Amino acid sequence: MEKYRIDKNKGLEFGIYTLGDHLPNPLTGERISAEERIHEIIEYAKLAEQAGIDFFSVGESHQDYFATQAHSVVLSAIAQATEKIKIASSSTIISTSDPVRVYEDFATIDLISKGRTEIVAGRASRIGLFDLLGYDVRNYEELFEEKFDLLLKLNEEEIVNWSGEFRKPLRNAKVLPRPQSGSMPIWRAVGGSPGSAIKAGYAGVPMFMAHLGGPASVFKRTVDSYREAARSKGFDPAELPIATAGFFYAAETSQQALKDLYPHINEGMKRTNGQGFPKQHFAQGVDKHNIMNIGSPQQIIEKILYQHETFGHQRYIAQIDFGGMPFDNIKRNVELIGTEILPAIKKYTAKN
Amino acid sequence: MKIVGIAGSIVGSKTKTAMEYTVKAMNEKYPNVDVTLIDLAEYNVQFSDGRNYLEYEGDTGYITKTIMEADAVIMGTPVFQASIPATLKNIFDLLPQNAFRDKVVSLLVTAGSAKHYLIPEQQIKPILAYMKAQIVQTYVFIEEKDFNRKEITNEDVKFRIERLVEDTVVLTETYKKIQEEKDAEYDF
């Protein structure tokens, strides 16, 4: 785990992620400017750090209703604005970028942040960016696999010799600057289905597993497939960290949490995915066995500990700000995490 | 209420004839219902490549968005090789997995012979159920002999279509009411 900068003795890490969505607040119909949204995200990272949260990440989406297309630029601003918190992408769409440029950018952010930066590489759940950035979506899988392999190679080797289908070969290429400790943690983003998790396992890379709703036990199968695949290729699963990421909202009561969060999720998903979130499914989100962490702080603590027991994961990452969530609600959630949730999680999961 | 009719093949005329009659019956009986007929033969639809339905452009995007915005879909299809035509299967493939959640879907099927009567039961309903449709259980099955030169000649078929129209609207209204009452109970 050291390679991935994770200290097991400190217990489950708690993180926050934003997709960088830029949606109207459904309660007022108003949308802040892209400028305000980007500053809000930087402020969000600072508040997370002050609350003692371990990790903060920003996503890349190239479409309407998003503001962090240039997510690495936003991350470099966060690197400058913070001192301790780990920062990462969630995720970087490696398929439609040049891995060399991505590595240069993130190694630079690692130096700005003095060794706090990680990359989470994914395949994109929406594919409009293929046209925008000049790639053919028919190569969806191959583009990702080839470029992800190259990204991992750039991380391991200072002088690189490589050739592939989608990029000119590299001959004794030096990719600079190097991250502070020579390399940095690179994760594979997985959408929750075992297929992609198995590929992460075969490659022996950490898995960042995002999920919407459903019972934790279903996602346990994905976690098991990942570890089994890693073992089959000679990697020790005990040395490979797993992160889980999904909706989070804490309020005084679970009913209040559902009330505060639902319109943002439902209307936001209608705009970004074309379909809302059924109330019937959402209501099940407060159940202890459901992977969505919605409820009172005490309920959420129980849920996260149950998930930790189920998955044995190293990091949980909360998404709070989706769908034009007012910044005051975000602040209140960060405060609840810092004062009530995080101390309890650490108390029960850290080894003394 | 928005209803979309689909004529699911790009060849032949029987499904189109029956769907045009269906739309006419709908307009007469329910003038307030907003009905759109999509005859796939008139559009240039690309094959599904897995993208989100909002991301398709041109004819393909028009069709996916029109279907997704509908409260109900009346799907007309011929039977090809003891199954549905590829053009209709492609429409299913273009849509999200839960595309028909909270939508009513009814079926009108034309075929060369009565041997194909169970094709909708065995091949279309499982797809609709998978995609979360509220299915109108009784479908209209029309044989070649019920048509003559682009007209329906069997009066019974006309009655059956009129009942299908009624069932589709009644089920859509009823389902909407049930859904609204249920959603209101959640109090969030």
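I began with B:K132, which sits in the loop between helix 4 (119-130) and strand 5 (134-135) of chain B. Helices here are DSSP runs of H or I with at least four residues, strands are E runs of at least two, and both are numbered from the N terminus. This is a predicted model, where local features need pLDDT of at least 70, side-chain atom pairs count only at pLDDT 80 or more, and totals for chains, interfaces and linings use all residues. Residues are numbered from 1 along each chain as its sequence is written, while chains are lettered from A and ligands numbered from 1 in the order in which they are written.

I looked up phi of B:K132 and found a value near 70°, positive in a residue other than glycine. B:K132 counts as partly exposed because it has 16 C-beta neighbours inside 10 Å. I took a residue as buried with 20 or more other C-beta atoms within 10 Å of its own, exposed with 12 or fewer, and partly exposed in between, with C-beta atoms placed from the backbone.

I then turned to B:D187, in the segment after helix 5 (155-186) of chain B. Its phi is near 60°, again positive in a residue other than glycine. Is B:D187 buried or exposed? It counts as exposed, because 10 C-beta neighbours lie inside 10 Å. For background, I noted that most residues other than glycine have a negative phi, and most peptide bonds are trans.

Chain A gave me two cis peptide bonds to record. One runs from A:S90 to A:S91, with omega near 0°. A:S91 lies in the loop between strand 3 (86-89) and strand 4 (92-93) of chain A. Another joins A:L176 and A:P177, with omega about -5°. I found A:P177 in the loop between strand 7 (170-174) and strand 8 (186-190) of chain A.

**Strand 1 of chain B**

I checked burial in strand 1 (residues 2-7) of chain B: 5 of its 6 residues are buried. How does strand 1 of chain B pair with strand 2 (residues 34-39), in the parallel or antiparallel sense? They pair in the parallel sense over 6 bridges; pairing requires at least two DSSP bridges between the strands. B:A7 stands opposite B:D39 in strand 2 of chain B.

Strand 1, helix 1 (residues 14-29) and strand 2 of chain B make a right-handed β-α-β unit. Right-handed means that, with the strands pointing away from the viewer, the path from the first strand over the helix to the second runs clockwise.

Strand 1 of chain B is also joined to strand 3 (residues 72-78) of chain B, by 5 bridges and in parallel. Here I saw B:I6 opposite B:M75.

**Cores and interface**

I looked next at the largest nonpolar core, which has 101 residues. Such a core is a set of buried Ala, Val, Leu, Ile, Met, Phe, Trp, Tyr and Cys residues joined through C-beta atoms within 7 Å. A:I53, A:L151, A:F208 and A:M209 touch the most other members. Apart from this core lies another of 46 residues, with B:M75 among them.

I finished at the interface, where 14 residues of chain B contact 14 residues of chain A. Contact means C-beta atoms, placed from the backbone, within 7 Å. The chain B side divides into 6 nonpolar, 2 polar and 6 charged residues. Ala, Val, Leu, Ile, Met, Phe, Trp, Tyr, Cys and Pro count as nonpolar, Asp, Glu, Lys and Arg as charged, and the others, Gly among them, as polar.

Note on methods. Two residues are in contact if their C-beta atoms, placed from the backbone, lie within 7 Å.
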